[in-house]
Amino acid sequence: MIPSQIAQESKEHTFVSWNAQAAWSPLVMERGEGVYVWDADGKRYLDWSSQLVNVNIGHSHPHVVKAIQEQAAKLCYVEPSATTEARAKLGAMLADVAPGDLSKTLFCNGGTDAVENGMKVARLFTGRQKILTRYRSYHGGTFAAASAGGDPRRLANEPGVPWIVRMPDPYAYRNPIYNGRTQEEGDAIIADLIEEIVHMEGPQYCAAILVEGYSGSSGVMQPTEVYFNRLREICDKYGMLLIVDETMSGFGRTGEWWGINHYPKAVPDIITTAKGITSGYVPLGATIVSQRVAEYFDDHVLHAGLTYSAHTLAMAAAVATLEVYHNEGLIERSREMGKVLRRGLMDLAEKHPVIGDVRGTALHHVIELVKDRRTREPISGFNQPPSEPMKRAAAYLKQNGLTTLVRWNMIFNTPPLIITEAQIEEGLQILDGALTILDEYYEG
Ligand SMILES: Cc1ncc(COP(=O)(O)O)c(C=O)c1O
């Protein structure tokens with residue numbers, strides 16, 4: 001099929017997610033290698049977002065491709081109550097890198113169901129129902145996971161599932177609580193408000209607090225230790241569990257194995273993860289629990305499961321992917337290359353007044369774009385279709401061979417962890433061009 005036919009047939013017979021269908025104009029992709037992907041016309045794109053912040057080890061890594069091929073040639077699938085060598089290895093490898101005594105994993109197909117399992121486990125374990133979550137967070141696309149996330153993608157499904165309680169956000173750039181205060185002072189107030197919410201909801205009904213280990217698609221808005229330490233204390237004080245969603249922030253994205261590793265005192269009871277666990281090569285999600293939680297299910301039924309729980313190919317892909325993180329030192333590399341990325345973004349912020357804020361760490365950064373640095377008015381509205389300036393900027397990036405996530409007034413900078421300094425420079429130069437367009441709309 002020629003590329004235009006592929007696009008046409010795809011449009012006619014398949015849906016694109018989270019979009020009205022008519023405007024869909026897909027890139028027709030053919031192959032990937034390292035930090036680059038090529039479309040069917042042979043045009044090369046720098047993958048500046050690791051697709052959906054999952055292709056952490058870059059495209060078509062030979063070690064993982066070989067592991068998938070070898071597993072497929074031997075055995076593609078066994079049902080989940082059987083096991084394989086790769087599953088045994090993967091469970092132990094995850095226990096090894098997980099914080100605290102988190103050491104037992106329930107496998108599923110992606111981040112959404114990992115979160116759903118985390119919520120179910122917390123409810124079964126505590127015998128309570130309510131889950132507290134942040135407004136500015138995303139936890140997945142199914143009914144319960146979408147309800148749990150505060151991201152506006154939930155709105156079309158509301159009222160959603162009951163027993164989700166939302167908490168205010170530690171969004172220092174915009175939340176008025178932070179005006180005239182240090183971030184630590186603002187975070188302490190947010191934590192006080194959260195404790196007050198637990199009181200008002202009745203601690204005896206509150207099963208867990210669920211937060212991203214490091215904020216992702218909502219805009220990388222991350223608190224200090226003050227906040228996370230207090231969440232841990234609140235959970236301990238009221239017999240609740242701390243569920244940390246590491247779907248996006250896991251596997252070196254933030255320069256640590258997990259986003260929550262930036263807060264060593266806030267050891268979670270449950271981690272939910274996906275994406276980087278297989279670098280996106282094969283779907284896989286994981287819910288990793290502490291020993292205390294695991295032991296509860298020794299004599300209580302774990303009411304959860306899927307046909308593709310612990311899928312044989314996914315187990316082999318994940319073992320090989322974790323080997324790549326270890327063998328190539330990618331967690332440390334994310335930290336080091338992140339310094340180069342951050343320096344470059346800060347330089348761009350000096351040059352382009354339209355950049356209101358640069359947030360993140362390691363290879364996990366967002367820039368937030370404003371019409372006026374003083375008023376902080378966004379250049380494109382929250383939960384609105386993209387404004388003209390953002391449309392022009394997004395088109396420029398694509399035309400100039402860079403793919404990334406552009407959302408509301410934010411551009412994501414989350415390339416694969418294998419990226420080199422020269423490739424970061426290449427990306428920053430293209431970004432520079434897009435920002436020059438956006439500066440035309442600056443009103444400050
Ligand atoms: C923090 C977080 N949790 C959950 C999910 C849902 O994961 P999936 O799309 O693999 O179901 C995402 C997806 O972006 C995410 O970023």
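Mentor: Buried means under 20% relative accessible area. Keep in mind that this is a predicted model.

Trainee: Why is Asn-54 called buried?

Mentor: Its relative accessible area is 16%. The cut-off is under 20%, so Asn-54 counts as buried.

Trainee: Where is Asn-54 found, and what does Asn-54 touch?

Mentor: Asn-54 sits in the loop between α2 (50–53) and α3 (62–74). Leaving out residues up to four places away in sequence, Asn-54 touches Lys-275, Gly-276, Ser-279 and Gly-280.

Trainee: Why are α4 and α10 called oblique to each other?

Mentor: Helix α4 (residues 85–97) and helix α10 (residues 312–327) pack at about 40 degrees, with axes 8 Å apart. Roughly parallel needs under 35 degrees, and roughly perpendicular starts at 65. The pair is therefore oblique.

Trainee: Which residues make the contact?

Mentor: On α4, they include Leu-90, Met-93 and Leu-94. On α10, they include Val-319, Leu-322 and His-326. The contact residues divide into 10 nonpolar, one polar and three charged. The crossing of α4 past α10 is left-handed.

Trainee: How do you know that the span of α8 agrees with its 14 residues?

Mentor: Helix α8 covers residues 225–238. At 1.5 Å a residue it should span 20 Å, and its end C-alpha atoms are 20 Å apart, so the two agree.

Trainee: What do the buried residues of α8 pack against?

Mentor: They pack against β5 (130–134), β6 (164–167), α7 (183–201), β7 (206–212) and β8 (241–245). Among the buried residues are Tyr-227, Phe-228, Leu-231 and Ile-234. Just after α8, Gly-239 has a positive phi of about 70 degrees.

Note on methods:
Residues numbered from 1 in each chain as written. Predicted model: local features only at pLDDT ≥ 70, side-chain atom pairs only at ≥ 80, totals over all residues. Heavy atoms only, no water. Axes fitted to C-alpha atoms, helices over the stretch in contact; angles between N-to-C directions. Helix = DSSP H or I, 4+ residues; strand = E, 2+ residues; numbered from the N terminus. Parallel < 35°, antiparallel > 145°, perpendicular 65-115°, else oblique. Left-handed = near helix turned anticlockwise from the far one by under 90°. Contact = heavy atoms within 4.5 Å. Nonpolar A, V, L, I, M, F, W, Y, C, P; charged D, E, K, R; others polar. Expected span 1.5 Å × (residues − 1). Buried < 20%, exposed > 50% of the residue type's maximum accessible area, 1.4 Å probe, protein only.
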